[in-house]
Amino acid sequence: MTNLFQRATAAGQVYPHAIELADLASESIIVSDAHGVIRYWNPASEALYGWPAMAMVGQSVQTIGSLAHSGTDHFSALLREGRWEGVVHRRGLTGTAVVAAVRQIVRRDTTGALLDIVELGRNAGSLTETAYLRMDAELQSSLAASWELDTTPAHPLLDAIAEHRRGGASVDLNQHPDWVDRLLTATRIMAVNDRAVRMFGAHAGHEQMIGKPIGDFWPAESRSLLASLLERVASDRTRLETDRMILSGSLRNPIVKAWHSAEPKPPGTVFVTINGVSNDDRTTWELRASEERYRQLVQYLPTALWQVDSRRAGEAFDQLKANGVRDIAGHLERNPDLVEHAKDVVRVTDVNRDAVSLFRAHNPADLIKPVRYIFAAAPGLAERVMVAHFEGRRNLIEETRIRAFDGAIIDVLFTVTYPVPPEQLDNTFITMQDISERLNAEQQLRKLQADLSHAGRIATLGELATSIAHEINQPLAAIVTNGETSLRWLARADQNTEKVTQLTSRIVSNARRASDIIHRIRGMAAKHEPEKRLIDLNEVLEEALLFIRHDIDSKAIILSANFGADLPKVLGDRIQLQQVIINLLVNSIQAIVQSGQPIRRIDVKTSIDDEGSVALSVFDNGPGVPGADLSRVFDSFFSTKDAGLGIGLTICQSIITAHGGRIAGTNRQKGGAHFHFTVPVPGVSSSEPGHATS
């Protein structure tokens with residue numbers, strides 16, 4: 001009502017502080033000028049007569065009935081004496097008679113000119129003081145939520161509906177949701193009282209509600225009812241339309257009324273009120289305090305929150321189920337218009353300040369509208385939300401993106417909590433948490449891990465330099481030998497074409513072998529982003545063995561490789577898994593050499609473990625890991641070797657963890673170490689990580 005106070009103060013009729021006090025008074029206070037035009041109408045007057053202040057300010061007192069008492073006009077006596085007390089008969093909003101005991105006082109300025117007439121009144125029925133106070137409290141608790149609306153922009157649609165009726169067509173706005181949406185979008189809020197702001201403003205406040213469509217704030221369950229009332233009063237400007245309203249909340253038996261204003265309001269002005277007694281035993285002040293605590297809790301939640309009325313979608317789902325639809329995902333894929341329709345009929349009814357901040361909005365009212373804007377940057381998300389709702393799930397959680405009002409794309413953790421009977425079915429909650437910083441941090445961490453992994457591969461290649469050189473020298477030496485032999489055969493008088501062809505084929509074969517070795521080395525040495533594909537771990541192991549074959553042979557180590565049969569493919573990065581295998585084998589080679597064992601042996605085995613994952617084990621007969629160090633071997637920069645960097649096994653652990661597997665090391669009972677890792681098979685769940693045994 002702030003705008004009304006400003007009008008009254010600007011007119012020079014009421015002082016601001018007097019207005020604030022009058023708003024708190026339990027008696028009706030009406031201020032009118034010398035012509036009987038009302039300049040101020042307090043909340044107690046609204047409770048007594050039912051008429052909202054916004055409809056009465058600027059109207060004549062005669063609008064609600066005569067000033068006469070027992071047929072005698074007392075106005076002249078009032079002007080002569082300066083005050084008058086008595087009983088007046090007036091008409092309430094519903095048309096019922098209101099008998100009020102009033103005191104009227106004339107105020108004049110310093111020149112003696114009439115300034116205004118102040119009236120204080122209360123119900124004059126035959127009530128005791130206690131009964132009156134009780135009734136007064138009930139009236140206060142049923143004080144109307146009131147709107148002053150401008151229907152002028154909706155006149156083309158209202159005229160079209162009226163033309164349908166004149167043509168004999170039956171018009172039920174419940175069957176025309178598009179008309180309802182257009183009508184409530186075109187109808188704008190001109191003024192609104194405190195109770196309407198408190199009940200339906202979604203924290204927007206007076207200023208943000210003024211000029212906005214009534215459809216942005218009107219309860220979703222009664223949108224067609226309001227549209228019908230506006231359409232009926234538009235066809236007959238003398239009508240006062242009253243209807244019972246469906247309203248989820250704390251009001252009992254709410255009644256909605258609509259009527260056209262009298263002059264001097266613009267011709268398209270319509271007043272709407274919602275009356276209802278509080279559906280709670282607590283006092284109005286207690287209810288207000290409780291509501292305020294709830295709103296404060298919602299406002300200061302450390303996450304963006306939307307309250308959504310999705311009953312229209314729920315009703316559509318019920319109809320689909322009644323029609324035998326069971327595969328909702330398939331049905332929506334065949335009927336994409338249903339998803340688009342849902343984006344327009346499912347509406348946001350409330351938001352908190354973090355939601356406003358997340359979307360870079362100016363105020364909450366910018367977000368109180370259909371949910372379409374939520375899904376602007378996330379194709380397919382609306383369908384998944386609908387599928388989860390249809391299937392009766394309690395929650396849907398996923399990472400997605402939104403487009404803020406300034407165009408920024410934001411990564412969010414998106415959560416929907418659906419209502420379950422007997423909860424209020426209009427309260428679907430959406431929360432969003434900005435995870436942009438977390439994803440950036442994860443990306444940086446992945447880059448650091450990739451750099452560390454690359455450094456580890458370079459270090460491993462350095463340790464295998466001799467073996468790699470030998471692997472390359474072998475085919476190069478063969479190429480030289482076969483080339484020289486070919487030249488000798490070509491220099492002979494009796495040239496043997498078949499022999500030269502055979503030698504040339506050997507040259508080509510060895511060149512390809514050398515090229516393959518270099519390709520594998522370049523793959524290990526190059527920087528690359530992890531790329532997971534379906535791969536055969538047996539093939540990865542075979543390639544890894546090529547890197548260390550010379551090292552194994554030169555150190556007189558017996559190598560036994562047992563490749564598991566029919567291993568399922570795993571989802572992994574080939575280079576990274578090769579790096580893990582080579583690192584484990586190099587560690588075993590170094591441990592065996594340092595131990596001085598006369599018989600040196602390494603066994604490698606691939607298999608499927610009890611949980612359905614593909615496993616690779618490396619056994620050696622070296623000295624094993626000292627018991628005190630066994631729990632620390634995967635720690636960063638811990639090494640049992642004098643010249644070790646202590647990053648090899650740490651890198652192995654990070655790689656296997658990134659693949660969803662686990663890696664462990666133990667000592668064998670008969671001496672030596674056993675390291676093994678597992679990689680899960682896609683589609684096969686595994687239990688919590690355990691520990692390997694020898």
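Modeller: A helix here is a DSSP run of H or I with at least four residues, a strand is a run of E with at least two, and both are numbered from the N terminus. The model is predicted, so local features need pLDDT of at least 70 and side-chain atom pairs count only at pLDDT 80 or more, while totals for chains, interfaces and linings use all residues. Residues are numbered from 1 along each chain as its sequence is written, and side-chain values use heavy atoms, with hydrogens and water left out.

Biologist: Why is helix 17 called largely enclosed?

Modeller: Buried means under 20% relative accessible area, exposed over 50%, and partly exposed in between (1.4 Å probe, protein chains only). Eight of the 10 residues of helix 17 fall in the buried class, so the rest of the structure largely encloses this helix. The buried residues are L381, A382, V385, M386, V387, A388, H389 and F390.

Biologist: What covers the buried residues of helix 17?

Modeller: Contact means heavy atoms within 4.5 Å. The cover includes helix 13, helix 14 (328-334) and helix 15, together with strand 13 (395-403) and strand 14 (409-417). After helix 17 comes G392, which has a positive phi near 80°.

Biologist: What makes the largest cavity a cavity?

Modeller: On a 1 Å grid over the protein atoms alone, a cavity is a set of points where a 1.4 Å probe fits but cannot get out, and its lining residues have an atom within 4 Å of a point. Points are joined across faces, edges and corners, and the volume is the space filled by probe spheres set on them. The largest cavity has a volume of about 210 Å³. The structure holds five cavities of 30 Å³ or more.

Biologist: Which residues are the closest to the centre of the largest cavity?

Modeller: They are S310, V346, F375, V385 and M386, out of 17 lining residues. V385 and M386 are also among the buried residues of helix 17. Helix 17 (381-390) gives two or more residues to the lining, as do helix 13 (311-322), helix 15 (336-345) and strand 15 (428-434). The largest share comes from helix 17, with four residues.

Biologist: Which classes of residue make up the lining of the largest cavity?

Modeller: There are 13 nonpolar, three polar and one charged residues. Ala, Val, Leu, Ile, Met, Phe, Trp, Tyr, Cys and Pro count as nonpolar, Asp, Glu, Lys and Arg as charged, and the others, Gly among them, as polar.

Biologist: How do you know that strand 13 and strand 14 pair?

Modeller: Two strands pair if DSSP finds at least two bridges between them. Strand 13 and strand 14 have nine bridges, in the antiparallel sense.

Biologist: What is the order of the strands in the open sheet with mixed pairing?

Modeller: Its five strands have the order 17-19-20-22-21. Strand 17 (557-562) and strand 21 (662-667) each have a single partner strand, so one side of each has no neighbour in the sheet.

Biologist: Why is strand 20 called largely enclosed?

Modeller: Seven of its seven residues are buried, so the rest of the structure largely encloses strand 20. Both faces are covered, with V614, L616, V618 and D620 on one side and A615, S617 and F619 on the other.

Biologist: Why does R360 count as partly exposed?

Modeller: R360 has a relative accessibility of 39%, so it falls in the partly exposed class. R360 lies in the loop between helix 16 (353-358) and helix 17. Its phi is near 55°, a positive value in a residue other than glycine.

Biologist: Why is A556 called exposed?

Modeller: Its relative accessible area is 57%, so A556 belongs to the exposed class. A556 lies in the loop between helix 21 (537-554) and strand 17, and its phi is positive, near 55°, in a residue other than glycine.

Methods:
On a 1 Å grid over the protein atoms alone, a cavity is a set of points where a 1.4 Å probe fits but cannot get out, and a pocket is an open set with protein on both sides within 12 Å along at least five of seven lines; lining residues have an atom within 4 Å of a point.
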